[in-house]
Amino acid sequence: MSENEVYALEVRNIVKRFPGVLANDHVNFNLRKGEIHALLGENGAGKTTLMNIIYGLYTPDEGEIYVDGKKVEIQSPHDAIRLGIGMVHQHFMLVPVFTVAENLVLGAEPTKGWQLDLKAAREAVRRLSEHYGLEVDPDAVVEDLPVGVQQRVEILKALYREAKILVLDEPTAVLTPQEVEELFVIMRELTKRGVSIIFITHKLKEVLAIADRITVMRRGRVVGTTTPAEATEESLARMMVGREVVLQVPKGPAKPGDVVLEVRDLKVEDERGLMAVNGVSFEVREGEILGIAGVQGNGQTELVEAITGLRSAREGKVLLGGVEAPFRRPRFLIEHGMAHIPEDRQKHGLVLSYSIADNLVLCTYYKPPFAHGLQRNQQAILENARRLVKEYDVRTPSIFTPASALSGGNQQKVIVAREFSRPVRLLVANQPTRGLDVGSIEYIHKRVVEMRDHGAAVLLVSAELDEIMSLSDRIAVMYRGKIVAIVNAGEVDKSQLGLLMAGGQLQPA
Amino acid sequence: MSTPASYANPKLFWKRWGGLIVTTVLILAAIAYYYAREPHVTEAVLASTLRQSVPLVLGALCGLIGERSAVINIGIEGQMLLAAFIAFMVNVWTGNLLVAVLAGVFIGAVLGLLLAFMSVTLKIDQIIGGTVINILAIGLTGYFYQVGLSAKGKLNPIPLGPLAKIPLIGPVLFDNPPITYAAIILVFVVHYVLFYTPWGLRTRAVGEHPRAADTLGINVYLVRYVNVTIGGALAGLAGAYLSLEAVGSFDRLMTNGRGFVALAVMIFGKWTPLGSFGAALLFGFATALQTQLQFGGKINIPPQFIGMLPYLLTIIVLAGFVGKARPPAADGIPYEKEG
Ligand SMILES: Nc1ncnc2c1ncn2[C@@H]1O[C@H](COP(=O)(O)OP(=O)(O)O)[C@@H](O)[C@H]1O
Ligand SMILES: [Mg+2]
């Protein structure tokens, strides 16, 4: 490209300080017209902060922003919208009880006289969704929609405001692999129509698949800019983390022992009374990892909740070490050696408003050494916290910090520290690395394999095929509430698993 | 709870409106039955039902436009009380009823602004903010109230020509004093604004997901200020109703818990103006019935028990019959801007 190319967007020397953190440290970044520019970085690298500055939500302490080569002041989202910048936030900014049409026009409503013109709003949804091939029903209420469709609504919102620059902040974190594919199609379509896209993620494969250019951030700084042609997963991971990262955790062959968890003919209903788990049986032995693969929403959540004592089953049994485990008695299970890394770490894994120290004794606070009779033993609780924070490398200002203040990866480390610091016979890990960056994923994977090697039985549920394939010793595939196949990990490849997950059959070799 | 459903699907239509239609038919049948037997008592009870419901529905409108933008107002009682007092005093000084009403509305709005300042700008706990207003109103009215003041007049019924002559309906609906008419009109105005205008859409967005509204360039603080202040004006109108229209004078603590019952009315009405109107009529009916039973002298129950009727109804309704009412998601939570 020529020396004095006019960029759709350029930022120079952006500095943003938060109390105790230099979130953006003289950041330079530019976006060409019609390109997909991936912004890659670990959690806390400062990506969202930079985007919030561009979108007018934060004011930078230093630095300049240029749109189409002209210097601009962006004081509020209003200014950003006016300049043609649209942003799809990491946590969706949709009003759940509103319809798609209402969400679309909010803040820039079409009117007839005094009146809100909802007909025109619906029309706008139809027109835009047709024009960009983003199918969505204007009258659907947002909270009833799957996340993938909600995301389309967010994109439509930006397009309705005629965004020429679209920021997508970790759009794939909440999507299933199929939805990610659909999103990529949409992104390519948008760039063909002249939209320039900043695509934030920490998933290396996605970056290589979709980006035109890649900029990597680490600890508030831009480390460098490259292209998919020049980069590999390994090189990108090294740039992100600042050291060599093992993407595939090494593990020896399993040495299965006695059966620890046995599930027999389990049937579990979901909230709507539908049979989400419909007759499932399997067992997990000491020293092995059983992975449950499947597209999200095929009953994995309900299965795990029944096993971990959070939900009653309609029929069937769960045996833990040969003893029948009661449903909805999590404490019984915990005392019999079950550890649980829940799917939703913020809702079920932590009490967000509690300190890290208190979160670390959630399963054991009532027992010595953490309690004497009715009284808490504060000293033991704090000592425990100091030791675990160090051992599990939780990055936190202090053990008194509320869990809500930690990044996702560090929250997950708190959960892992708590669960692994008890004697564990069975580990149930549901989506243990969802939303985490490579460094944290590497860490969690190592710990899980370590757990297995110490003789625990591990039940791993994940929608990430790579994760299932790299960790599991055996793989069970779940489809529509049933386990359709259990195979040894070495004996299938990714496409065969994908086929099973979609309800297909393996051809007999 | 936010938008009128589509009417295309008859099944949906009945699911949503069936209960309401059946209830209305039953109520109309009961009225017709009693009217045939005791026309004067029925007329009196119904007219009284409507008037008793006026402060409740105005209070509920105040509460709901605040809460739709996520500010809880438990100071309605105090807003009504101080407004009733000021309206009365202005009437005593000036003898001009219109000025008196406007003074009540103005004072209500000022107290609304005070609540908005405490809860939006200072981010004080909203329950405490509302309590401050209640205590302030009780203190001020108690201190400045002089026994024996009398005003020259009160707001009298204005019959609406031939409409007022229709049997039963005329005397009940078309022969009322001005604030009662105003209250009925305001129900529909607030309904229209809340569900059919951009302002209403923004208000509801701010109450459900203020950050989303903020990212779309909507001024969350401004929306809350305006709603809570207008809400205060509505509570002020309710106060003026009490001292200028219902009674014609001021008494210590004359609001008598109506500001709190109004909150129950709002919840029973699921944070909608029309629902609140229905709920207010129900509570108004309980009060009217209670009066009728006490002074009609036909049954032999101690008056204290009969007097409990409206409050009992409040408890029963709130404890059991509210159903799946869902308050605005951000209700009561101060909004913090970032960065
Ligand atoms: N509003 C805020 N107040 C204080 N610190 C913040 C705020 N937003 C972000 N930070 C801090 O700034 C750093 C960068 O965060 P962020 O931009 O969200 O990272 P990323 O999006 O790359 O994961 C983190 O250390 C984070 O804790
Ligand atoms: Mg982020």
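Biologist: Which side chain makes a polar contact with the side chain of Glu10(A)?

Modeller: Keep in mind that this is a predicted model. Glu10(A) is found in strand 1 of chain A. Its side chain makes a polar contact, at 3.2 Å, with the side chain of Arg12(A).

Biologist: Is Glu10(A) buried or exposed?

Modeller: Leaving aside residues up to four places away in sequence, Glu10(A) touches Phe29(A), Asn30(A), Glu64(A), Ile65(A) and Tyr66(A). The relative accessible area of Glu10(A) is 17%. Buried means under 20%, so Glu10(A) counts as buried.

Biologist: Let us turn to the two chains together. What area do chain A and chain B bury between them?

Modeller: The contact involves 30 residues of chain A and 22 residues of chain B. Met93(A), Val97(A) and Leu106(A) supply 23% of the area that chain A buries against chain B, more than any other three residues. Of the area buried between the chains, 63% is on carbon and sulfur atoms, and the total is about 2,300 Å².

Biologist: How many salt bridges does the rule find across the interface of chain A and chain B?

Modeller: Side chains of opposite charge can pair when their charged atoms come close. Glu143(A) forms a salt bridge with Arg326(B), and their closest N and O atoms are 3.2 Å apart. Across the interface of chain A and chain B, the number of salt bridges is 2.

Biologist: Which element gives the largest share of the side of chain A that touches chain B?

Modeller: Between the two chains there are 8 residue pairs in polar contact, both residues being at pLDDT 80 or more. On the side of chain A that touches chain B, the elements giving two or more residues are strand 1 (9-18), helix 2 (77-82), helix 3 (100-105) and strand 8 (115-116) of chain A. The largest share, 3 residues, comes from helix 2 of chain A.

Biologist: Now for the rings. How are the rings of Phe184(A) and Phe199(A) arranged?

Modeller: Over all chains, the count comes to 9 aromatic pairs. The ring centres of Phe184(A) and Phe199(A) are 5.9 Å apart and the planes are at 90°. Planes over 60 degrees apart count as edge-to-face, so this pair is edge-to-face.

Biologist: How many residues apart in sequence are the parts that this pair ties together?

Modeller: Both Phe184(A) and Phe199(A) are buried. Phe184(A) lies in helix 6 (residues 177-192) of chain A and Phe199(A) in strand 10 (residues 196-201) of chain A, so the pair ties together parts whose separation in sequence is 15 residues.

Biologist: Why is helix 8 of chain B described as largely enclosed by the rest of the structure?

Modeller: Helix 8 of chain B spans residues 198-208. Its buried residues include Pro198(B), Leu201(B), Arg204(B), Val206(B) and Glu208(B).

Biologist: How many residues apart in sequence are the parts tied together by Asp473(A) and Lys251(A)?

Modeller: The side chains of Asp473(A) and Lys251(A) meet in a salt bridge (3.6 Å, N to O). Asp473(A) lies in the loop between helix 16 (465-471) and strand 23 (474-479) of chain A, and Lys251(A) in the loop between helix 8 (233-241) and strand 13 (259-269) of chain A, so the parts they tie together have a separation in sequence of 222 residues.

Biologist: Which of these counts as buried at 13% relative accessibility?

Modeller: Lys251(A) has a relative accessible area of 28% and is partly exposed. The residue that counts as buried, at 13%, is Asp473(A).

Technical notes
Residues are numbered from 1 along each chain as its sequence is written. Chains are lettered from A and ligands numbered from 1 in the order in which they are written. This is a predicted model: local features need pLDDT of at least 70, side-chain atom pairs count only at pLDDT 80 or more; totals for chains, interfaces and linings use all residues. Side-chain values use heavy atoms; hydrogens and water are left out. Contact means heavy atoms within 4.5 Å. Buried area is the accessible area (1.4 Å probe) that two parts lose on being put together, summed over both. A salt bridge is a side-chain nitrogen of Lys or Arg within 4 Å of a carboxyl oxygen of Asp or Glu. A polar contact is a pair of N or O atoms within 3.5 Å; within protein, one must be able to donate a hydrogen and the other to accept it, and residues adjacent in sequence count only if both atoms are side-chain atoms. Helices (H or I, at least four residues) and strands (E, at least two) are DSSP runs, numbered from the N terminus. Rings of Phe, Tyr and Trp (its six-membered ring) pair if their centres lie within 6.5 Å; planes under 30 degrees apart count as stacked, over 60 as edge-to-face and the rest as tilted. Buried means under 20% relative accessible area, exposed over 50%, partly exposed in between (1.4 Å probe, protein chains only).
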